[in-house]
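Please view the sequence and the structure before reading on.

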Number of protein chains: 2
Amino acid sequence: MDDSADVKAPEAHDGAAPLRRLALFEVVAEQLREMVLEGELLPGSRISEKRLCESFEVSRTPLREALKVLANEGLVELLPNRGAKVTEVDPREVADLFEVMVELEALSGQLLAQRAGDAQIEELRALHRQMLEHYRRQERVEYFRLNQRIHRRLAEISGNGVLLELETALNLKITRARYAANMQLGRWDESAREHEAILEALERRDGEALARAMRDHMRKTGDAVLEGLAAR
Amino acid sequence: MDDSADVKAPEAHDGAAPLRRLALFEVVAEQLREMVLEGELLPGSRISEKRLCESFEVSRTPLREALKVLANEGLVELLPNRGAKVTEVDPREVADLFEVMVELEALSGQLLAQRAGDAQIEELRALHRQMLEHYRRQERVEYFRLNQRIHRRLAEISGNGVLLELETALNLKITRARYAANMQLGRWDESAREHEAILEALERRDGEALARAMRDHMRKTGDAVLEGLAAR
DNA sequence: ATACTGTATTTTGAATTCAAAATTCAAAGC
DNA sequence: GCTTTGAATTTTGAATTCAAAATACAGTAT
């Protein structure tokens, strides 16, 4: 309607153009997701459709579609005839979350030991080194980003698409719990050591040890987050 | 010709009755889900919004909302500006699915051994006996239903809400794969024996054995389904 | 003053409308 | 004969409209 920059793919006659202009509701969903994750929309608060529509400058239709997506991700709750509210961070649920995530990580570990190629292990080692460098320089945001990226890459390389999807979905909620607990990046040193153990086990292709290391890492992360939540 | 009476009545167990009239899009989503699961809408087929709107006698708005729900469940794919199509049953993905499900079941087993109360174990034993009775009488549909119910009950009693949700979600896709492979109820006898082993381990509260039994059961189910898929 | 009831306002749910993109199909050009 | 081009049609995306439900509020009765 106005000067908004259209996101469109450059007209390429060349085949592989996987980049599609995403639907409005997807853009809105992404924005909303970020707002919920980072606590800009407070847990438990009611969501006024009208207000959000105005702030996003979209009509209610795409906003409501986006809310349905977020609802399926568990970030908002839809109360019939009563609008939507941001889901509360329930320590009990977070505990459950980690209980499951620990096992998923263990599975990732086993699969990784079987399936990771040499090049991929080197890639991970490089990312790891890079992360340690951020650690050394105390660059928190970059460290956190790389940490997330490494975990995602591990899930990708494990070669199980369903596992990757689940870890991504659960990681959403975990990230939110971290924010809620002001714990985005606690346990630097410990965490770095655990990562080292993971890399070593992977390089030895020791499935048992790798599963144990990843399980251990996730369990300790969970304990820290839960502790942070309790201390609010 | 069909049974459209089963739309509501989620009302069941414990105290606080959250009785609510469900939104139109939820009803539509439930119907669609069933149609996809049972193969009434063929994998890979494009979904015409107009046609479905007419058959459901609703406008496009709730139908589109329902499609978004199904898309998040992985039963349909949304192609921007090109409508929706029913997701194909990919044997590779089904294999991944079971690979994950096996671990979730193992976790269920461990938790069950720790947390199941005597009354709940008795309840499960009763359900098991009832299922065997259906087996004896060769009542396939009832057997299958009870089988599903027992698995769900096991997940519930394991006391981890996240685990329950994930198992429910994955079970959706597994059910679809079974239909696709014409395998809704293969392996009667074998399956019944495996269930017996599960119950026994649970009654002994032997977490290790229970995890092993449930893992084993799910793994064999997966093998059978994959075999069925390959033989299409 | 408090609790209750009926009414007005707001908010949500669903249908309809309008615009933009894709698909179809036929004709023109090579 | 085959491919390409460009309207006409269909289908999807998003805004708007209309209806129903919930909330807020005022007045009344106890």
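**Contacts with the DNA strands**

Q: Which base atom of DNA strand C lies 2.9 Å from a polar side-chain atom of R60(A)?
A: This is a predicted model. A pair of N or O atoms counts as a polar contact within 3.5 Å, and the 2.9 Å between R60(A) and DNA strand C meets that limit.

Q: Which element gives the largest share of the surface near DNA strand C?
A: Both chains supply elements with two or more residues at this surface: α2 (49-56) and α3 (60-73) of chain A, and α3 (60-73) of chain B. The largest share amounts to three residues. The element that gives them is α3(B).

Q: Which residue of chain B has a polar side-chain atom 2.5 Å from a phosphate oxygen of DNA strand C?
A: Chain B reaches the phosphates of DNA strand C through backbone and side chain. A polar backbone atom of L24(B) is 2.8 Å from a phosphate oxygen. The side-chain contact at 2.5 Å is made by S59(B).

Q: How much of the part of DNA strand C within 4 Å of the protein is sugar and phosphate?
A: There are 16 residues around DNA strand C, and R64(A), L24(B), S59(B), T61(B) and R82(B) come nearest. Among the atoms of DNA strand C that come within 4 Å of the protein, the share of sugar and phosphate is 67%.

Q: Which residue has a side-chain N or O atom 2.8 Å from a base nitrogen of DNA strand D?
A: The contacts with DNA strand D involve phosphate oxygens and a base nitrogen. A polar side-chain atom of R82(A) lies 3.4 Å from a phosphate oxygen, and a polar backbone atom of N81(B) is 3.1 Å from a phosphate oxygen. The residue at 2.8 Å from the base nitrogen is T61(A).

Q: Is N81(B) buried or exposed?
A: N81(B) lies in the loop between β2 (76-78) and β3 (84-86) of chain B. Its phi is near 60°, a positive value in a residue other than glycine. Exposed means over 50% relative accessible area, and because N81(B) has 79%, this residue is exposed.

**Relation of the two chains**

Q: What kind of axis relates chain A and chain B?
A: Chain A can be laid on chain B with an RMSD of 0.1 Å by a turn of 180° and a shift of 0.0 Å along the axis. The two copies are therefore related as by a two-fold rotation axis.

Q: Which residue of chain A comes closest to the rotation axis?
A: The copies meet through the same surface, because 97% of the interface residues of chain A are also interface residues in chain B. The closest approach of chain A to the axis is 3.2 Å, taken at the C-alpha. The residue concerned is E65(A).

**The fold of chain A**

Q: How many helices and strands does chain A contain?
A: From the N terminus on, the elements run α-β-α-α-β-β-α-α-α-α-α-α. The secondary structure thus read, by DSSP runs, comes to nine helices and three strands.

Q: Which strands form the edges of the sheet in chain A?
A: The open sheet has the order β1-β3-β2 with antiparallel pairing. Two bridges join β1(A) to β3 (residues 84-86) of chain A, and I47(A) stands opposite A84(A). The strands that pair on one side only are β1 (46-47) and β2 (76-78).

Q: What is the relative accessibility of Q138(A)?
A: Q138(A) is found in the loop between α5 (118-136) and α6 (140-157) of chain A. It has a positive phi of about 60° although it is not a glycine. Q138(A) counts as exposed, because its relative accessibility is 53%.

Notes. Residues numbered from 1 in each chain as written. Chains lettered and ligands numbered in written order. Predicted model: local features only at pLDDT ≥ 70, side-chain atom pairs only at ≥ 80, totals over all residues. Heavy atoms only, no water. Near = heavy atom within 4 Å. Polar contact = N/O pair within 3.5 Å; in protein donor to acceptor, adjacent residues only side chain to side chain. Helix = DSSP H or I, 4+ residues; strand = E, 2+ residues; numbered from the N terminus. Least-squares fit on C-alpha atoms with pLDDT ≥ 70 in both. Contact = heavy atoms within 4.5 Å. Pairing = 2+ DSSP bridges. Buried < 20%, exposed > 50% of the residue type's maximum accessible area, 1.4 Å probe, protein only.
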